[in-house]
Amino acid sequence: MTVNSGTEILRYTAFSTDPAGGNPAGVVLDASALDERRMLAVAAELGYSETAFLTGRTGEGAYTIRYFSPKAEVPFCGHATVATAVALAERDGPGELEFATAAGAVPVSVVREGGELRATLTSVEPYVADAEPADVAEALAALGWTAAELDSALPPRIAYAGARHLVLAAATRARLADLDYDFARLEALMHRTGLTTVQLVWREAGRTFHVRDPFPVGGVVEDPATGAAAAAFGAYARDLGLVPPAAVLTLHQGADMGRPGTLTVELRSGDTRVRVSGTGARIG
């Protein structure tokens, strides 16, 4: 796919080696000729939850990057970062990258494991904050959930690792699987509170979670595999003491949409940043 300028638009999936799995993203490795209007138009035409645009090169393996959903620019997108890193590694070989995002510098390391490329991004400095009870109540109402259906061991919080997410934990897998929400109502709440997604989670076992991410502010019902939310959730899990200071978490996402993907979240002692890794594959 190309736009009028002849700029090439690649399509990759992240957090899966199957082009039919994971989260698809548009990738433009040279967006220097595109302004904001045209980047938004490309993202809208593709219809993926995000498209990444490399707008300049600042050094060896260093780029400025911007992310657009079909509706608006977002400060950071994890799956599009992984997709872009895999695309660069296919072109230039595995190695170290650094992306200058609106949220801050995001280093990415790409390695080849067998025949697969795996990218690991390191988040900006995360934070976790209390969620306003009225906002939680409104989110539950928009989702059609009740407070009794939440897991009391994983209380609602705002988590950030490049973008803001409201974390809500379901008490059962069935509750997580049954997602049918009021798009306009949740979108209005998210705009008012500055949220990028709502991170819905269910804890299968100690360090294994299933997650879903409604994304109405981006113009899509749900994001199939969400690296930014995964990084934020890693900060959330550490802040609440759900896992040790050094831990590896496995997040399964997309199965309920027919696009299964796996996100690996790593926490390290002495480093508050969160690492998120996954594979990727070109679509088409």
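How many salt bridges does a search of the whole structure find? The count comes to 18, and since this is a predicted model, every value here is computed from its atoms. Side chains of opposite charge can pair when their charged atoms come close.

| Pair | N to O distance |
|---|---|
| Arg66 and Glu36 | 2.7 Å |
| Arg91 and Asp92 | 3.0 Å |
| Arg175 and Glu149 | 3.2 Å |

Take Arg66 and Glu36, whose side chains meet in a salt bridge. Arg66 sits in strand β4 (residues 62–68) while Glu36 belongs to helix α1 (residues 36–46), so this bridge ties together parts that are 30 residues apart in sequence. As for solvent, Glu36 counts as partly exposed, at 47% relative accessibility.

Next up is Arg91, which forms its salt bridge with Asp92. Arg91 is partly exposed, its relative accessible area being 47%. Asp92 is partly exposed too, with 48%.

The side chains of Arg175 and Glu149 also meet in a salt bridge. This pair links distant parts of the chain, 26 residues apart: Arg175 is in helix α4 (residues 173–177), and Glu149 is in the loop between α3 (133–143) and β10 (157–160). Is Arg175 buried or exposed? With a relative accessible area of 11%, Arg175 is buried, given that the cut-off for buried is under 20%. Glu149, on the other hand, comes out as partly exposed at 27% relative accessibility.

Some charged residues go beyond simple pairs. Arg173, Arg212, Glu222 and Asp256 are linked in a network of salt bridges.

Asp223 has its place in strand β14 (residues 220–223). Asp223 is buried yet has no salt bridge.

What does Asp223 have instead? A polar contact of 2.7 Å joins its side chain to that of Asn23. Asn23 is also one of the residues Asp223 touches, leaving aside those up to four places away in sequence.

Note on methods: Residues numbered from 1 in each chain as written. Predicted model: local features only at pLDDT ≥ 70, side-chain atom pairs only at ≥ 80, totals over all residues. Heavy atoms only, no water. Salt bridge = Lys/Arg side-chain N within 4 Å of Asp/Glu carboxyl O. Helix = DSSP H or I, 4+ residues; strand = E, 2+ residues; numbered from the N terminus. Buried < 20%, exposed > 50% of the residue type's maximum accessible area, 1.4 Å probe, protein only. Lys, Arg positive; Asp, Glu negative; His and termini not counted. Polar contact = N/O pair within 3.5 Å; in protein donor to acceptor, adjacent residues only side chain to side chain. Contact = heavy atoms within 4.5 Å.
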